[in-house]
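Have the structure open as you read this report. Each section takes up one part of the chain.

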Amino acid sequence: MTTKLDALINSLEGIETITDSTQVAKLSQDYHNFSPVLVPKLEGKVGDIVVRPTNEAEVLKVAAACAKHRVPITVRGAGTGNYGQCVPLHGGVILDMTRMQEILWMKPGVARVEAGMKLAAIDKKTREIGWEIRMAPSTYRTATIGGFIAGGSGGIGSIQYGLLGDRGNILALRVVTVEDEPRAIELRGDDVQKVNHAWGINGIITEVEIPLGPAYPWAEVIVTFDEFMTAAKFGQALGNADGMIKKLISVFASPIPQYFHALQEYIPEGTHPVLLIIAESSLEFLPGLVQQYGGQVTYKKPAEEAAKGTHLAEFSWNHTTLHARNVDTAITYLQSMFPGDKSLQMVDHMYHHFGDEVMMHLEFFRVNGGVVPGALQLVRYTTEERLNEIIRYHEKHGVSIANPHTCIIEDGGRKVIDPEQLKFKEMADPYRLMNPGKSKVLQFQIPN
């Protein structure tokens, strides 16, 4: 491999490369340390060099060099994923896309950007014309748009717009292949699914075209309840209120709020809070709904103030796990989707069945036109065997688990890889050099 790398580096003159072992090791990691199962499995998995292109022409040059010398290539955004998506299992090149951060163009309702642009930076620019990105993970300050599409699925905004993979939430992707003569291919409409959420195994995303949503003035509110299931029912009712414009409905069972140090004064001990981001124009209708479910508004920030200081979004989705682990590193998490019209009944069952061993954290979002609760439960980890028992119990009762304790695509949320993605990979990555080892059906043979 050393000879190949020397030849590869020599062919990339003019493109930034990093060979310092400490830096390379750092840029070979993501937040898979949220999982006590993944940490030992991915220990010592690092790339050999990091390459930082500044434009698509340089990406094409890197792709050609990797194909020629048969060197594996793993694409990286900001490394905010949680499943080891950008951890290289077979060394090689880490392709760091964070220097490609230009807005190519924007207009009302649509923006075209380079893949390394941070989500918060996109939002800042598009808000200048009255629009914003439709959804973002809780890591939106640091996450890149390319990384979000390759490894994410939804987040803040999904209560209004559904999940990232839903038709219409990605308009187009420009993708570089890893062939002897790499190409830049434009995927539009439904064809974007050939690369969406594929963990970078079948193409290097260089440009993204996304739809935008109206940039409402967003207020932030905390409502607390004495009973967890009342809080969950309130969240469902607010989610079902189609006339009220929402960006976030997060529900937390006590004792999760003990990990939210910056919010503790607003959440009385033993209560179950609901964190909301809601359009100011819809605030007038909130008190009546809160009263109907016996809640208390303990925190309220108008849009002008919500842009400053503490942001409720940064306590939601998987930032909840981050806050908890800052206090107790024995905590890990699960990702669950509750079934159909009996979802709250199943939430109730799991909440009482597991108690504080599996602390309930719900996020409401749109699926197939309706609003459902998903969960990112906090788990007090003891053993991998017990964790698997918890997962099996959920699945036995019809709760779908997107397992965050694996770095294999099929073992996570997908179960199987889309045949269209496999077909695209055969064309785009004939030597199987892209993020090798992350799929059961795409076994990697280390090239000679």
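Strands β2 and β4 run parallel and pair over three bridges. This comes from a predicted model. I49 has V93 of β4 as its bridge partner. Strand β2 covers residues 49-52. Its other pairing is with β1, in the antiparallel sense, again over three bridges. There, T17 has V51 of β2 as its bridge partner. β3 and β4 are joined by four bridges and run parallel. In that pair, V75 stands opposite L95 of β4.

Are its faces covered or open? Both faces are covered. V93 and L95 lie on one side, I94 and D96 on the other, and all are buried.

## T74 in strand β3

T74 belongs to strand β3, which takes in residues 73-76. Is T74 buried or exposed? Its relative accessibility is 1%, so T74 counts as buried. The cut-off for buried is under 20%.

What does T74 touch, beyond its neighbours within four places in sequence? V93, I94 and L95 are among its contacts. Those three residues are also named among the buried residues of β4. T74 is in contact with Q85, C86 and P88 as well.

Helix α1 covers residues 2-10. Its axis and that of α4 come within 10 Å and cross at roughly 150°. Angles over 145 degrees count as roughly antiparallel, so α1 is roughly antiparallel to α4. The crossing is right-handed. As a rule, two packed helices are described by the angle between their axes and the distance between the axes.

Which residues make the contact? From α1 come K4, A7 and L8. From α4 come A65, C66 and H69. The residues of this contact divide into four nonpolar, one polar and one charged.

Strand β10 spans residues 204-214. How many of its eleven residues are buried? Ten are, so the strand is mostly covered.

Several strands pair with β10. Strand β6, residues 110-114, runs antiparallel to β10 and is joined to it by five bridges. In this pair, V113 stands opposite V208. Strand β8, residues 172-176, is also antiparallel to β10, with five bridges. Here the bridge partner of A172 is E209 of β10. Strand β7, residues 131-133, pairs with β10 in the antiparallel sense over three bridges. W131 stands opposite P214 of β10.

A237 lies in helix α8, residues 228-240. It is in contact with L289 and Y293, leaving aside its neighbours within four places in sequence. A237 and V371 are 134 residues apart in sequence. In space, their C-alpha atoms are 9.3 Å apart.

Where is I417 placed? It sits in the loop between β21, residues 400-401, and α14, residues 419-428. At 7% relative accessibility, I417 counts as buried. Leaving aside neighbours within four places in sequence, its contacts are I201, I409, E410, L422, S439 and V441. I417 and V24 are 393 residues apart along the chain. Their C-alpha atoms are separated by 30 Å.

Note on methods:
Residues numbered from 1 in each chain as written. Predicted model: local features only at pLDDT ≥ 70, side-chain atom pairs only at ≥ 80, totals over all residues. Heavy atoms only, no water. Helix = DSSP H or I, 4+ residues; strand = E, 2+ residues; numbered from the N terminus. Buried < 20%, exposed > 50% of the residue type's maximum accessible area, 1.4 Å probe, protein only. Contact = heavy atoms within 4.5 Å. Pairing = 2+ DSSP bridges. Axes fitted to C-alpha atoms, helices over the stretch in contact; angles between N-to-C directions. Parallel < 35°, antiparallel > 145°, perpendicular 65-115°, else oblique. Left-handed = near helix turned anticlockwise from the far one by under 90°. Nonpolar A, V, L, I, M, F, W, Y, C, P; charged D, E, K, R; others polar.
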